[in-house]
Structures are given as C-alpha cells and as structure tokens.
Amino acid sequence: MEDKIYKKEEVVIKGKHPLPITLDVNYYFNPKQPELKRPLVIFCHGFKGFKDWGTFNLIAKYFALEQFFLVKLNFSHNGTSPENLSDIHDTEAFGLNNFEIELDDLGTVIDWLADSKNPYFNQYDFNNLNLVGHSRGGALVMLKSVEDKRVQKVACWAPVNDLEKYMYLSDIEKWKSTGVSYVENKRTGIELPLYFQFYENFFKHRERFDLKNNLMKLDKPLLLLHGTDDQVVSVKDSEWIYENFDHAIMVHVDNGDHTFGGKHPWHEEILPEKLNFVVEETIEFFTL
C-alpha cells in the first residue's frame, strides 16, 4: 500500500433540476498502474441522509482499499449544498425534493461516469457498474437498475419495498390544504418540510415509482442486507423482496439496527462490527 495514494475528491455537476449534484470519488491511485480499471460503485444515501453522513466516508475508503472506484452522491435536493456538506441546512430544497429528482440525479451521475471526457474515466471500468443504496436509497437503486441496463449488480442495505407508503405519513387533506407537512430530524430537532408537490409528483409518475411491479422487470443480481432489529424499516420489507424476486440473495444481520451500528457524527477510525460485516458481504457480492 506504500505506493498507493488514497484520493477523495469532491465534484459538482449540473443535473436536470435546478440545484447542482455534489459527489465525491474515492479510490487508491497507484503510480505504477496509472490506468488501472477498477470496478465502479455508486452509493446512494436514504431519507434525511447525505453522502458524508456518519460512517459513509469510512465505507468509501474501505471499498477503495479493496480496489473499487466508489462514488458517493448527494441528491441535489437533500438539504445539503456544495458550500455545506456536513448536514441538512437548506430546508427549502429538502421540501422541494421528490423521487423523480432523485432518480434523475442518479441517472445524471451515471451518464457523467459514462462520458469518456470524464477526468477519472481511465480509473474505473464503466462496464462493471454496481449500485448500493441504503434505506430509501435502496428502493431508488432498484428502480434505476430497471431503467438503466448499464447497471450490472445491485446491493440494498435495509431497503424499503414500497415508496407509496411515504405518501400516507401525514393527513392528506391537511397536507393538501396547507401545502406542507413536516418531519422531524430527531438528531438535530429541526422540523423539515415536505411540500405537497411530493405527493402530487408521486402520483403523476406512479408507474415509474411502483417498486413492487418494477422489480418483476429486474434481470440482474440483487443483494439484500437487513438488520433483524431494524426499528425504522422492518426486515419484512427485504424478506418480501427476497420471496418475490428470483435473482435476490438475502442476508439477515442478526441484531442489526437500521444503520448497522453507525451514527452521525462518527469519530471512530473503524466501522462498527455489524456495518463492517455488511460492507464485506457487499464487496464479496460485487467481486463474484
């Protein structure tokens, strides 16, 4: 490893929607192999998440150490900004987010990586493109894998199996009449808005977001990792996917919670045991 240099570099790109997409690239550069083609992984955060949350930077470095080229993105309307990546602060952007924006953002990042003019293009093998998503991000990477045939494998950590359930977390009539509903960020105590456009956009594009029906079109390997003590997204969500999808592998993480022991901020230099297991299982899946 003495000859290799770990690189984490921030990039800002323009997407289809008003706000920019911030991402980082993570890999070990070897001067003796300047054009080593690494398997490519894109990591997607979940609801109220962001690319530099808690353990995510350690995860990226772990993948890089195992000779992957890992890209983490902030969905453009997740409430962070290129100027402030450390937490959700732009509540207006958060309120204007929806599933269409997130799927389009992920598509924009894939297209950016597919472009041979990309300054990192010689560092990864685009034909070995893999997606990882946590929680709601798990649902999104499954949907994107149906939409985009360039994706080779998909790994989901504690994924939801139905996006429509998000529509009914609030009183619909009140949400419609006031134009906004609020969800608390329990870690910070901030009330985050969800504007009614979130509901309207879902039903406008319902077929695109129908995970259960779209899964039947997924023709590539799928890994599901879910904690048995997850209090945020029940392990039954992953079990349903496993039971109804021929290409799935299901791994129960005994006594694992929703973040597999991770939290924000994370000050340790190693991953929690259960999350380390999840990362190792994912790397093995992508390596097979």
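**Cavities, pocket and overall fold**

Two cavities of 30 Å³ or more were counted in the predicted model. A cavity is a set of points, on a 1 Å grid over the protein atoms alone, where a 1.4 Å probe fits but cannot get out. Lining residues have an atom within 4 Å of a point. Grid points are joined across faces, edges and corners, and a volume is the space filled by probe spheres set on the points. The model is predicted, with local features needing pLDDT of at least 70 and side-chain atom pairs counting only at pLDDT 80 or more, while totals for chains, interfaces and linings use all residues. Residues are numbered from 1 along each chain as its sequence is written, and side-chain values use heavy atoms, with hydrogens and water left out.

The largest cavity has a volume of about 90 Å³. Its lining comprises 15 residues; F47, F94, N97, E102 and R136 lie nearest the centre. By class, five are nonpolar, seven polar and three charged. Here Ala, Val, Leu, Ile, Met, Phe, Trp, Tyr, Cys and Pro count as nonpolar, Asp, Glu, Lys and Arg as charged, and the others, Gly among them, as polar. The second largest cavity has a volume of about 50 Å³. W53, T55, F56, I59, H134, W157, T259, F260 and L275 line the second largest cavity. Six of these residues are nonpolar, three are polar and none is charged.

The largest pocket has a volume of about 900 Å³. A pocket is an open set with protein on both sides within 12 Å along at least five of seven lines. The pocket lining holds 31 residues, with F47, K48, S135, V232 and H258 nearest its centre. Eleven are nonpolar, twelve polar and eight charged. Strand β7 (residues 180-185) supplies the largest share of this lining, five residues.

The chain contains ten helices and ten strands. These are DSSP runs numbered from the N terminus (helices H or I, at least four residues; strands E, at least two). The chain is as compact as a globular protein of 288 residues, because its radius of gyration is 18 Å, close to the 19 Å of the globule rule. The radius is taken over C-alpha atoms, and the rule is 2.2 Å times the number of residues to the power 0.38. The C-alpha trace spans about 65 × 40 × 35 Å along its principal axes.

Of the 288 residues, 56% are buried (under 20% relative accessible area, 1.4 Å probe, protein chains only).

Terms used: Buried means under 20% relative accessible area, exposed over 50%, partly exposed in between (1.4 Å probe, protein chains only).
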